[in-house]
Amino acid sequence: MEKAKYERPLINRINAGLPDKFGMSRTMEAITHIDTIPVKDLIDEYGSPVFVLSEKTIKDKLSQAKKAFTTRYPKVQFAWSYKTNYLNAVCQIYHREGSWAEVVSGFEYDKAIENGVAGNHIIFNGPDKSKDDLRKAIKNASLIHIDHFDELYTIMELAETMEETPKLAIRINMDTGIYPQWDRFGFNYENGDAWNALTRIMLNGKLELVGLHTHIGTYIMTPGAYGIATSKLAQLAVRIDQKFNHKIKYIDMGGGFASENTLKGAYLPGTDTCPSFDDYAEAITNALINSEINPEDLPVLFLETGRALIDDAGSLLGTVLANKRLADGRRSTIIDIGVNILFTSFWYEHHIVPAQNTTQHTEDTTIYGPLCMNIDVIRAAIQFPLMNKGEHIVISRIGAYNMTQWMQFITLRPNIVLIDSEKNVHVIRKNETRESMTDLENVPEYLNPSK
Amino acid sequence: MKLKKNIAISESGFVFDPTSGESFSLNPIAIEILNLLQEGKGQIDISDFVLQKYDVDRDTFENNYFDFTGMLKQFNLTEKNN
């Protein structure tokens, strides 16, 4: 006789009408497949944990974003934000779909060149550009977005000795009615620094001002703030035209669009509160179209959206290592995914579900990572189904930042695979081995154990 | 391990402790285990019952059983001298 499916015994105290920090009990839908590939097969083949990226979702999201903007404004150009996910395979997908590159360091700049991006299709942002980086960017006619006066003076110095004319924009920070106001990057609008920098560029005969850039923050839930920022940049463009008879070629609104992840402390889930691409597009394009810029001279609208484009395309698959009871009786589940590879768990309540069907029974659970370190908490409080050692879990919406901000700490970084549009699976970054780390080390001769 | 004598267990898995006034819910296998405990059965008898009926190995079940009875103690559903 076939035996019944086992589920471990469970008793829960009933607190009628009193939802606690674990939330109300609810059924959790398992994610058994990603793009039709069984999760179990992916783990069997590529190990646990393993990052999985979906080319289909990447393309679908980009297509949604493009549609939202291009149906409202005639000239739109997306630039892929390298820091969000600079795996070459990922960058290539965006470039093939028409995105330029947006980079913030010499390392990222060289990566974009290696990926075949034309120099004049690279936007170079950030506060750390060395003199050599700037020289290279000027030679390649890249769009340099200046962060501070020291950088501007370095560019002026280089321009004196180079044949090429630097193509410049400045990054501008401003009050858009939201908190916090990011003022550490670029030049301030309200105190006149931005206008001062623009004037210096215009008065220098060897520089070309081509654009205006802002990036008002991250995970911005208020599309109206983008409307205010766009209006302020448009006013600057008009003022430059009036004073210098010079037309700005583009306005770059940066990134910062939210993804559907839920921020820690948020009352409602991100899926209910995250603005759509249409909401952001409406605010930005309305402000541009309704500005004083002559309709014939409307600038190209650049967008450097990262998180909102790729978060949904990434999943992290893992395995339950153990279950145990905490001192107060709460259950804790230890999984093989730690904060070292899931950096975003510091600010998101990540969506975690089983990779196999479970019953409707759940328990107040804390999910810990495998690190021997107290802060390795993936979910502090979640109503989670009864899972056994060796069963698999799926963490969704992890495509942004984790594969760039992750760190090698205690454990090694795992494989990253891409499921292409034809449902073929490719390893796009191999798992690290001990040698990946120790090969970079050097033990001085006198400490060598063989001596 | 002995359950308190006055604990009420319904067929649907609802448990009421008249001493504290607290109520609890059980999943199906926990109902069976509590009923066996009320009949005075011990861990070995309960393990044999579960292993015969469910697709589980002895080590896994025993691990889960001791975790479960720990929760019964945590919720004060067992006699104090257990």
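Modeller: The C-alpha centres of domain 1 and domain 2 of chain A lie 33 Å apart. Please keep in mind that this is a predicted model.

Colleague: Which residues make up domain 1 and domain 2 of chain A?

Modeller: Domain 1 of chain A comprises 33-52 + 314-433, and domain 2 covers 55-311.

Colleague: What makes residues of domain 1 and domain 2 of chain A count as being in contact?

Modeller: Their C-beta atoms must lie within 7 Å. In chain A, 18 residues of domain 1 are in contact with 18 residues of domain 2. On the side of domain 1 of chain A that touches domain 2, the elements giving two or more residues are α12 (402-405), β20 (416-419) and β21 (425-429) of chain A. The most comes from β20(A), with three residues. That side of domain 1 of chain A divides into nine nonpolar, four polar and five charged residues.

Colleague: How do you know that strands β2 and β3 of chain B pair?

Modeller: Pairing requires at least two bridges. Strand β2 (residues 14-17) and strand β3 (residues 22-26) of chain B have four bridges, in the antiparallel sense; therefore they count as paired. For B:Val15, the bridge partner in β3(B) is B:Phe24.

Colleague: Why are β1 of chain A and β1 of chain B called edge strands?

Modeller: The open sheet has four strands, with antiparallel pairing, in the order β1(A)-β3(B)-β2(B)-β1(B). Both β1 (11-13) of chain A and β1 (8-9) of chain B pair on one side only, and each is thus an edge strand.

Note on methods: Residues numbered from 1 in each chain as written. Chains lettered and ligands numbered in written order. Predicted model: local features only at pLDDT ≥ 70, side-chain atom pairs only at ≥ 80, totals over all residues. Domains from an automatic or database assignment. Contact = placed C-beta atoms within 7 Å. Nonpolar A, V, L, I, M, F, W, Y, C, P; charged D, E, K, R; others polar.
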